[in-house]
Amino acid sequence: ASSVSSAKLAVHTRRVSDLEENQRRLSLRLRSAPTYLQSCSLGTPMASTQEGAAAGNAASRWVVFYPQYINSRKTIAEGRRVPKETACENPQCKEIADVCQYLGLEYIVEDEAGYPRDFFTRGRVRVRLFDKSGAPVNPKEAPSRKALFQKVGSLIPNLKSRAEGSSAAAAAGKAAAGKSAAKAGKSRKKGKKGKK
């Protein structure tokens, strides 16, 4: 009987030590949470660290915006949430943040967050769409989540960085096409000379 009770005591002691270890790990995670939020870029600067921590806790209730939601190259099954007409091609978190700033919305860019459907795709933006009373922050431009997604998707192609990038890519594409055409012409001339 004493060996059974000592075995039960050993199991109980092991369980208690496991619980204490889990509590210690949890407290370490909670202490490191503000550090994680400090590594994210805040769209609207906070006056003090206490306000920043409070905003970080409040930010957990903000709208989560993954770039896949407005990517015209994705299907609905892959995560697109807007029609292709209002979506844009391969949006970046930085571009979403620029549009949110333009619309006057607070945001936090989380570069290390993974998209659940495709975990290797990194980055998301948290946007404060509603105030504490539940009213939209910018009711004219973004009264709802879907309206926000559509507005951001339609504004990203108009960004200055997109216009500069597309003109540079077009110029590079034309130069590459010109070089390949010149090489093709030279090879034809060589072929004609050899046949004489």
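Analyst: Two strands pair if DSSP finds at least two bridges between them. Here, Gly-114 stands opposite Arg-122 in β4. This is a predicted model, in which local features need pLDDT of at least 70, side-chain atom pairs count only at pLDDT 80 or more, and totals for chains, interfaces and linings use all residues. Residues are numbered from 1 along each chain as its sequence is written, and side-chain values use heavy atoms, with hydrogens and water left out.

User: How many helices and strands does the protein chain have?

Analyst: Elements are DSSP runs numbered from the N terminus: helices are H or I with at least four residues, strands are E with at least two. The protein chain has 5 helices and 4 strands. From the N terminus on, their order is α-β-α-β-α-β-β-α-α.

User: What share of the 196 residues in the protein chain is buried?

Analyst: Buried means under 20% relative accessible area, exposed over 50%, and partly exposed in between, with a 1.4 Å probe and protein chains only. In the protein chain, 28% of the 196 residues are buried. Accessible areas come from the Shrake-Rupley method with a 1.4 Å probe; for residues, only the protein chains shown count as cover. The accessible surface of the chain is about 13500 Å², and carbon and sulfur atoms hold 56% of that.

User: Which sense does the pairing of β3 and β4 have?

Analyst: Antiparallel, over 6 bridges, with β4 covering residues 118–127. The two strands form a hairpin with 2 residues between them. Tyr-107 has Val-127 in β4 as its bridge partner.

User: At what angle do α3 and α4 pack?

Analyst: Two packed helices are described by the angle between their axes and the distance between the axes. Axes are lines fitted to C-alpha atoms, for helices over the stretch in contact, and angles run from 0 to 180 degrees between N-to-C directions. For α3 and α4 (residues 145–155), the angle is about 110 degrees and the axes are 10 Å apart. The two helices are therefore roughly perpendicular.

User: Which residues of α3 and α4 meet?

Analyst: Contact means heavy atoms within 4.5 Å. From α3 come Ile-96, Val-99, Tyr-102 and Leu-103; from α4 come Leu-148, Lys-151, Val-152 and Leu-155. By class, this contact has 7 nonpolar, no polar and 1 charged residues. Ala, Val, Leu, Ile, Met, Phe, Trp, Tyr, Cys and Pro count as nonpolar, Asp, Glu, Lys and Arg as charged, and the others, Gly among them, as polar.

User: Which residues of α4 are buried, and what do they pack against?

Analyst: Leu-148, Phe-149, Val-152, Gly-153 and Leu-155 are buried in α4. They pack against β2, α3 and β4. In α3, the buried set is Cys-93, Glu-95, Ile-96, Ala-97, Val-99, Cys-100 and Leu-103.

User: Is Ala-59 buried or exposed?

Analyst: Buried, at a relative accessible area of 1%. Ala-59 lies in α2, residues 49–59. Leaving aside neighbours within four places in sequence, Ala-59 contacts Ile-108 and Arg-126. Ala-59 and Arg-126 are 67 residues apart along the chain, yet their C-alpha atoms are separated by 7.0 Å. Across the chain, 58% of contacts between residues at least 6 apart in sequence join residues at least 24 apart.

User: Where are Asn-90 and Asn-138?

Analyst: Asn-90 is in the loop between β2 (63–65) and α3 (93–103). Its phi is positive, near 45 degrees, in a residue other than glycine. Asn-90 is partly exposed, because its relative accessibility is 36%. Asn-138 is in the loop between β4 and α4. Asn-138 is buried, because its relative accessible area is 14%. Not counting residues up to four places away in sequence, Asn-138 touches Leu-103, Leu-105 and Pro-143.

User: What follows α3?

Analyst: Gly-104, with a positive phi near 80 degrees.

Methods
Parallel < 35°, antiparallel > 145°, perpendicular 65-115°, else oblique.
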